[in-house]
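Work through the exercises below with the sequence and coordinates open. Each task is followed by a solution in steps.

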Amino acid sequence: ANLPFGLPKEYNYTLRLLVVPAILVWGWGWYLPLCRNNRTSASVLSGIVYGSVGVPLWVLLCKPFAPSDAPIWDMWGFLFRLAAACTIVPIAEEYLFRGYVLRLASLWDAQRKLQPKNAFQSVLFERSINEIEQLKWSLPAVAISGVAFTLGHQVWEWPAAMVYGTMMCVLAIKQQSLIACVVAHAVTNLGLGAYVFF
């Protein structure tokens, strides 16, 4: 969305490229580490593979629903948007959807099996997502994270976003690392940018 001042896209994305990283750096100590294991290279490689698969998947699932009257961006606006999509968007969205929502939903799913009546309240006020040493497969948690990710996209992107969000949850659980998801998201966004450009 554009900023309320009606700034041109180039200025809008320039501000995003400055403000969002500043906020991320400011709060860095509160976040989960990007990589909790010693398999950083394997996580990055998995991210590249998943991200590469994500490009044709996203295109195939969006193409039938994509609007034909999309506005044309000028080159600078497009380049600034692509820069944001390949840097700050993957970090911010993966921390939110796989780092927080998936972990919170996983904690809730485990808690509701022990304490069905007050599980949500207990997770919100008495527990911490940092308790989770290792993410485990949880269908409700993956579904909640996938739906949250999907709702952050335009309606015509929902089929692709739901499948891609689920794929990122699988990657997060498989690699036990957010860096894999960040790399995958950046690779997919770069590939989609190239697809749109060409």
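**Exercise 1.** Locate Q175 by secondary structure, decide whether Q175 is buried or exposed, and find the side chain with which Q175 makes a polar contact.

Solution. 
- Step 1. Q175 belongs to helix α7. The model is a predicted one, and local features are considered at pLDDT of at least 70.
- Step 2. The relative accessible area of Q175 is 4%. Buried means under 20%, so Q175 is buried.
- Step 3. The side chain of Q175 has a polar contact with the side chain of S43, at 3.3 Å.

**Exercise 2.** State where Q176 lies, what is noted about its phi, and how Q176 is classed by accessibility.

Solution. 
- Step 1. Q176 sits in the loop between α7 and α8.
- Step 2. Its phi is positive, about 55°, although Q176 is not a glycine.
- Step 3. With a relative accessible area of 18%, Q176 is buried, because the cut-off for buried is under 20%.

**Exercise 3.** Describe the surroundings of S145: its helix, its accessibility, and the residues it touches beyond four places in sequence.

Solution. 
- Step 1. Helix α6 contains S145.
- Step 2. The relative accessibility of S145 is 0%, so S145 counts as buried.
- Step 3. Leaving out residues up to four places away in sequence, S145 touches F97, R98, V101, L102 and C169.

**Exercise 4.** Which residues of the largest nonpolar core touch the most other members, and which helix gives the largest share of the core?

Solution. 
- Step 1. The core has 31 residues, and those touching the most other members are W58, L102, Y164, M168 and L171.
- Step 2. At least two residues of this core come from each of α2 (40–62), α4 (88–114), α6 (139–151), α7 (158–175) and α8 (178–197).
- Step 3. Helix α7 gives the largest share, nine residues.
- Step 4. Take Y164 as a case. Not counting residues up to four places away in sequence, Y164 touches G54, W58, F149, A184, H185 and T188.
- Step 5. As background, nonpolar side chains tend to be buried together in soluble globular proteins.

**Exercise 5.** Characterise the largest pocket by volume, lining and residue class, then do the second largest pocket by volume and class.

Solution. 
- Step 1. The largest pocket holds about 1700 Å³ of space.
- Step 2. Its lining consists of 41 residues, and R81, Q154, W156, E157 and V196 lie nearest the centre.
- Step 3. Helices α1 (9–26), α2, α3 (75–86), α4 and α8 each supply at least two residues of that lining, and the largest share, seven residues, is from α8.
- Step 4. By class, the lining of the largest pocket has 28 nonpolar, seven polar and six charged residues.
- Step 5. The volume of the second largest pocket is about 250 Å³. Among its 13 lining residues, S106, L107, A110, Q134 and K136 are the closest to its centre.
- Step 6. The lining of the second largest pocket divides into five nonpolar, three polar and five charged residues.

Terms used
Residues are numbered from 1 along each chain as its sequence is written. This is a predicted model: local features need pLDDT of at least 70, side-chain atom pairs count only at pLDDT 80 or more; totals for chains, interfaces and linings use all residues. Side-chain values use heavy atoms; hydrogens and water are left out. A nonpolar core is a set of buried Ala, Val, Leu, Ile, Met, Phe, Trp, Tyr and Cys residues joined through side-chain atoms within 4.5 Å. Buried means under 20% relative accessible area, exposed over 50%, partly exposed in between (1.4 Å probe, protein chains only). Helices (H or I, at least four residues) and strands (E, at least two) are DSSP runs, numbered from the N terminus. Contact means heavy atoms within 4.5 Å. On a 1 Å grid over the protein atoms alone, a cavity is a set of points where a 1.4 Å probe fits but cannot get out, and a pocket is an open set with protein on both sides within 12 Å along at least five of seven lines; lining residues have an atom within 4 Å of a point. Grid points are joined across faces, edges and corners, and a volume is the space filled by probe spheres set on the points. Ala, Val, Leu, Ile, Met, Phe, Trp, Tyr, Cys and Pro count as nonpolar, Asp, Glu, Lys and Arg as charged, and the others, Gly among them, as polar. A polar contact is a pair of N or O atoms within 3.5 Å; within protein, one must be able to donate a hydrogen and the other to accept it, and residues adjacent in sequence count only if both atoms are side-chain atoms.
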